[in-house]
Amino acid sequence: MNSMTIAIDGPAAAGKSTVAKMVAEKLSYIYVDTGAMYRALTWKAIQEGIALEDEEKLETLLKERDLKLVQSEKGQLVMLDGQDVSEAIRTDEVTNQVSIVAKHQKVRVEMVKRQQELVKEQGVVMDGRDIGTHVLPDAEVKIFMIASVEERAERRYKENVEKGFDADLEKLKEEIRKRDEIDSNRSVSPLVKADDAIELDTTSLTIDQVVEKIIGVVRKAEEKGV
Ligand code: CDP
Ligand code: CDP
């Protein structure tokens with residue numbers, strides 16, 4: 001079987017995107033970062049001065065703008081109205097407000113539709129919060145990746161230090177906790193493990209170990225001819 005769909009969900013900084021990208025590369029699948037789509041909408045709404053609680057305006061903004069995930073040599077690019085915003089959507093300002101935008105039902109309906117359209121013939125690894133539960137409920141492999149909040153904050157801290165950014169471990173911990181809380185308690189498709197997902201605690205695992213474990217699950221699914 002060469003066109004499996006692999007859903008990877010879990011809380012912030014559990015390692016989803018790093019690992020999903022590597023798994024996709026190993027399997028020659030495409031990688032889809034759904035969080036980037038919510039981030040791009042949040043970035044644009046902030047730029048346009050749209051209140052992030054205004055569901056109707058956000059829905060209109062999303063439908064009017066040309067938001068695309070483009071597969072390139074450099075990996076996935078996030079394009080908004082023809083502009084590459086892949087980097088711009090990673091600021092703290094966006095990170096700390098994206099969960100407010102992602103709460104809205106009308107926004108999610110439109111996002112999910114677009115994410116499902118990205119699954120064609122080729123195999124896909126998609127990461128997010130509701131992939132196994134809502135976007136790809138029939139995915140052949142579902143992983144729910146977790147790690148302690150201390151470990152996740154530590155990872156983000158290291159990442160910031162490496163990039164030469166200011167970093168405050170306690171603040172990062174608090175921000176991660178807050179985002180997890182909003183994502184887990186929203187009424188529309190909250191962050192929750194799908195019943196048929198495999199939970200993978202990455203707290204004391206290296207990136208390579210996590211990748212290996214997922215590839216192992218994929219190989220088993222292939223053998224079973226899922
Ligand atoms: O990589 P990081 O954990 O910082 O987050 P992300 O994957 O970029 O997602 C940013 C935010 O988008 C999440 O905190 C959720 O609020 C939202 N999101 C979502 O609601 N559903 C998804 N499928 C993906 C992201
Ligand atoms: O996508 P998500 O927010 O779940 O996490 P990420 O951005 O892929 O990973 C957050 C940070 O943790 C990155 O700097 C990864 O290199 C690091 N990481 C790690 O140290 N050990 C792992 N097992 C997985 C990720």
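1. What is the accessible surface of the protein chain, and how much of it belongs to carbon and sulfur atoms? The accessible surface is about 11600 Å², and carbon and sulfur atoms hold 47% of it. Such areas come from the Shrake-Rupley method with a 1.4 Å probe; for residues, only the protein chains shown count as cover.

2. The structure is a predicted model, in which local features need pLDDT of at least 70 and side-chain atom pairs count only at pLDDT 80 or more, while totals for chains, interfaces and linings use all residues. Residues are numbered from 1 along each chain as its sequence is written, chains are lettered from A and ligands numbered from 1 in the order in which they are written, and side-chain values use heavy atoms, with hydrogens and water left out.

3. The overall fold may be taken next. The protein chain holds 10 helices and 8 strands (DSSP runs numbered from the N terminus: helices are H or I with at least four residues, strands E with at least two). Its C-alpha atoms fill a box of roughly 50 × 40 × 35 Å along the principal axes. The radius of gyration is 17 Å, which agrees with the value near 17 Å for a compact globule of 226 residues (taken over C-alpha atoms; the globule rule is 2.2 Å times the number of residues to the power 0.38).

4. Of the 226 residues, 47% are buried (under 20% relative accessible area, with exposed over 50% and partly exposed in between; 1.4 Å probe, protein chains only). Among contacts with a separation of 6 or more, 74% are between residues 24 or more positions apart (contact means heavy atoms within 4.5 Å).

5. Ligand 1 is surrounded by 19 residues, the closest being Arg39, Arg108, Asp130, Arg179 and Asp183 (a residue is near a molecule if one of its heavy atoms lies within 4 Å of it).

6. Helix 2 (34–48), helix 5 (98–101) and helix 9 (169–185) each give two or more residues to the shell around ligand 1. Helix 2 supplies the largest share, 4 residues. By class, this shell has 9 charged, 6 nonpolar and 4 polar residues (Ala, Val, Leu, Ile, Met, Phe, Trp, Tyr, Cys and Pro count as nonpolar, Asp, Glu, Lys and Arg as charged, and the others, Gly among them, as polar).

7. Ligand 2 has 15 residues around it, with Ala13, Lys16, Ser17, Thr18 and Glu159 the closest. The side chain of Glu159 places an N or O atom 2.5 Å from an oxygen atom of ligand 2. Backbone N or O atoms also take part: that of Gly15 lies 3.0 Å from an oxygen atom of ligand 2, and that of Leu205 lies 3.0 Å from a nitrogen atom of ligand 2. Taken alone, ligand 2 exposes 540 Å², of which the protein buries 82%.

8. Two loop residues deserve a check of backbone geometry. Asp81, in the loop between strand 4 (75–80) and strand 5 (83–84), has a positive phi of about 50 degrees and is partly exposed at 36% relative accessible area. Ser189, in the loop between helix 9 and strand 8 (198–201), has a positive phi near 30 degrees and is buried at 8%. Most residues other than glycine have a negative phi.

Key. Polar contact = N/O pair within 3.5 Å; in protein donor to acceptor, adjacent residues only side chain to side chain.
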